[in-house]
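Please look over the sequence and the structure before reading on.

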Amino acid sequence: MASLAEQRAERRTIRNGWLLSLPALIILIVAAAGPLLIIVIYSFLTPGSYGNVVWEFSWDAWVGVLYSRDIFDGTYKLADAHLSIFWRSVKLALLTTMFCFVVGFPTAWFIATRTPRARTALLFLITIPFWTNLLIRTFAINQIIRNEGVLNTALLYLGVIDEPLVIIYSDFAVFLGMTYVYLPLMVLPLFAAIDRFDMRLLEASYDLYATRWQVLRRIIVPIVKPGIIAGSILVFIPALGAYVTPRILGGGRNMMIGNFIELQFGQGRNWPLGAALSVTLLVIVGAALMLYVRASMRTTNNG
Amino acid sequence: MTTAIAVEAQSARKDYGSGQFAVRALDDVSVRIEKGSFFTLLGPSGCGKTTLLRLIAGFETPSAGKILLGGRDITYDPPNKRPVNTVFQSYALFPHLTVAQNIGFGLQMLGRPKREIAAAVDKMLALVQLEDFAGRKPQQLSGGQQQRVALARALAPEPEVLLLDEPLSALDLKLRKEMQRELKRLQTETGITFIFVTHDQEEALTMSDRIAVMRKGNILQIGAPREIYNHPKDRFVADFIGETNFLSGTVEEGAIRLTSGDLVEAPTQGRSGKVTLAVRPEQVRISGAGDPGSLAATVADSVYFGTDTHCHLRLADGTEIVARLQSAASGEAGLARGDQVSLRFEAGAAQVVDE
């Protein structure tokens, strides 16, 4: 049994702890929990005629996430347009993540196996794109791949092609842009994991009759798995909610969830639907994070 | 008796770097290692012992020369094509696999059936006495246990040759002694050729059938432990393997006249002029004053080591000789600093060595 003085001291420690974390708590409540709560509440309200919301409870927004109402007979049917936007978002985010891994893994491996000085320089180079605003970088890509852009001009001049390649305003352009933007987010955690990898294990596995492929699959990938998972999450989540890249490189037709949400708050004047879509995006991201946590737990258990 | 040769290096050379920075780690080394023997490469760091081991393992290819395994040229075979396994200094156990999975890894890579792998793993676990640890991860084991796993992992595929790269250096003294005996037992039980790299002369002497003493990329002497210890070829070998007294002298009528003026009986091996004599401290005896063939000396210092007492003696010209006496004997002699004593060398103890 703790003495009275001890109890008092303990209480004081707890109180001081709360006091010290107050600034962080305020920021969390005001900047994260608060807006989220507003979004959730708005998704159950009725849209106002000129944007904003009317304080009347309604399920319409949530129904509208997946179904559209026929304006003539009032029946509901599955909204193909919405589904195709969801599908495109998930598909492009996954493709981007996979391609970032395919390109990022050898890059990270290369950097991690250089001398300490070269390594610092290379990591510095990797972070250079972050110095420029995302919007400007994306417009730069636009300039390169558009029909009269640098790429087509050069290829036409060299006689490789007779007509300009139509890359811009397609899913492929969005995929290309997102891969470029998010690649560093894959390389950095992979580098951190590979940097910790004990290269002597490579010799040990070659010595024990493993082929190069087996070394990669049985030894390297399982051991750097936390880095692979972290990099994939860091790429997948922002790619899923990407707004700028699909807007500038995808044009109006190749919308992703982010653009769709923006549309509801803007031209669509349907804030509740925008809010419901935002929460949907959050749920998809949350599910991806759950998978991440579970996969990394398994890794920890396995060593 | 002719014995089969497990591994042979023919003028193996290894250069690192190029131009003015080139370093010759291995200088045309030729050696034959008998099948089923415990062979040790002994030398200080940078002598090329690990380089030779890596050439045999296949982690490096020689700049010149050949490596033969059972008479077959394997010089350019990759490590995964050689029936040779290595126990690494750092153990290099796979952290994400259990002990059993680590041990079974080699056989798994060889594509052996699951049942065979399981049986081999059980056998290996029993051999290294880790039956209760099959499901553990390497980092849950002590250093000595990790060492055993590394051994079992390398032995499981039943290699023709097992390479051991200073595997005991990370263990404390007591465990090291235990593992020395364990290694010797494993080698005898499995009959696999062991090639052991170490800089620890005691380790080499206690375990090996044969020892190759290396220095600066060359093998100086190859022989059984007793041979190397009792008949070191040159000063470096004598000094590296155990403690030695070195005495300078000149050949005189089939004996050697030391700088102190004393005459010592020793095989001169047809030499003349100045020679170096090597005498092991435990082969120096204190005898009664004035015995024929004895050397007059003064006790400079006496250091008690428990079972032994190391007695530092000074000859007439100041040459210092260390005598390792059993404490009981020296106690009776009651040696103290400044005492005048006579010493003699045991028969055959004084050896002429190359400088």
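Axes here are lines fitted to C-alpha atoms, for helices over the stretch in contact, and angles run from 0 to 180 degrees between N-to-C directions. Helices are DSSP runs (H or I, at least four residues), numbered from the N terminus. This is a predicted model, in which local features need pLDDT of at least 70 and side-chain atom pairs count only at pLDDT 80 or more, while totals for chains, interfaces and linings use all residues. Residues are numbered from 1 along each chain as its sequence is written, chains are lettered from A in the order in which they are written, and side-chain values use heavy atoms, with hydrogens and water left out.

**Helix packing in chain A**

- Helix 8 of chain A and helix 11 (residues 225-240) of chain A pack with their axes 7 Å apart, at an angle of about 160°.
- In the contact (heavy atoms within 4.5 Å), helix 8 of chain A contributes residues including Met178(A), Tyr182(A) and Leu185(A), and helix 11 of chain A contributes others, among them Gly227(A), Ile228(A) and Val235(A).
- By class, this contact of helix 8 with helix 11 of chain A has 13 nonpolar, 3 polar and no charged residues, where Ala, Val, Leu, Ile, Met, Phe, Trp, Tyr, Cys and Pro count as nonpolar, Asp, Glu, Lys and Arg as charged, and the others, Gly among them, as polar.

**Helix packing in chain B**

- Helix 4 (residues 143-155) of chain B packs against helix 5 (residues 173-190) of chain B at an angle of about 15°, their axes being 11 Å apart.
- Helix 4 of chain B is therefore roughly parallel to helix 5 of chain B.
- The residues of this contact between helix 4 and helix 5 of chain B divide into 6 nonpolar, 2 polar and 3 charged.

**The interface of chain A and chain B**

- About 2,100 Å² is buried between chain A and chain B, 60% of it on carbon and sulfur atoms; buried area is the accessible area (1.4 Å probe) that two parts lose on being put together, summed over both.
- Chain A gives 19 residues to the contact and chain B gives 26 residues.
- On the chain A side, Asp207(A), Leu208(A) and Tyr209(A) lose the most area to chain B, together 37% of what that side buries.

**Salt bridges**

- Over all chains the structure holds 27 salt bridges (a side-chain nitrogen of Lys or Arg within 4 Å of a carboxyl oxygen of Asp or Glu).
- Across the interface of chain A and chain B the rule finds 1 salt bridge, and the side chains of Glu203(A) and Arg54(B) meet in a salt bridge at 2.5 Å, N to O.
- Within chain A, the side chains of Asp171(A) and Arg88(A) meet in a salt bridge at 3.1 Å, N to O.
- Because Asp171(A) lies in helix 8 (residues 171-196) of chain A and Arg88(A) in helix 4 (residues 80-112) of chain A, the pair ties together parts that are 83 residues apart in sequence.

Note on methods
Helices (H or I, at least four residues) and strands (E, at least two) are DSSP runs, numbered from the N terminus. Angles under 35 degrees count as roughly parallel, over 145 as roughly antiparallel, 65 to 115 as roughly perpendicular and the rest as oblique.
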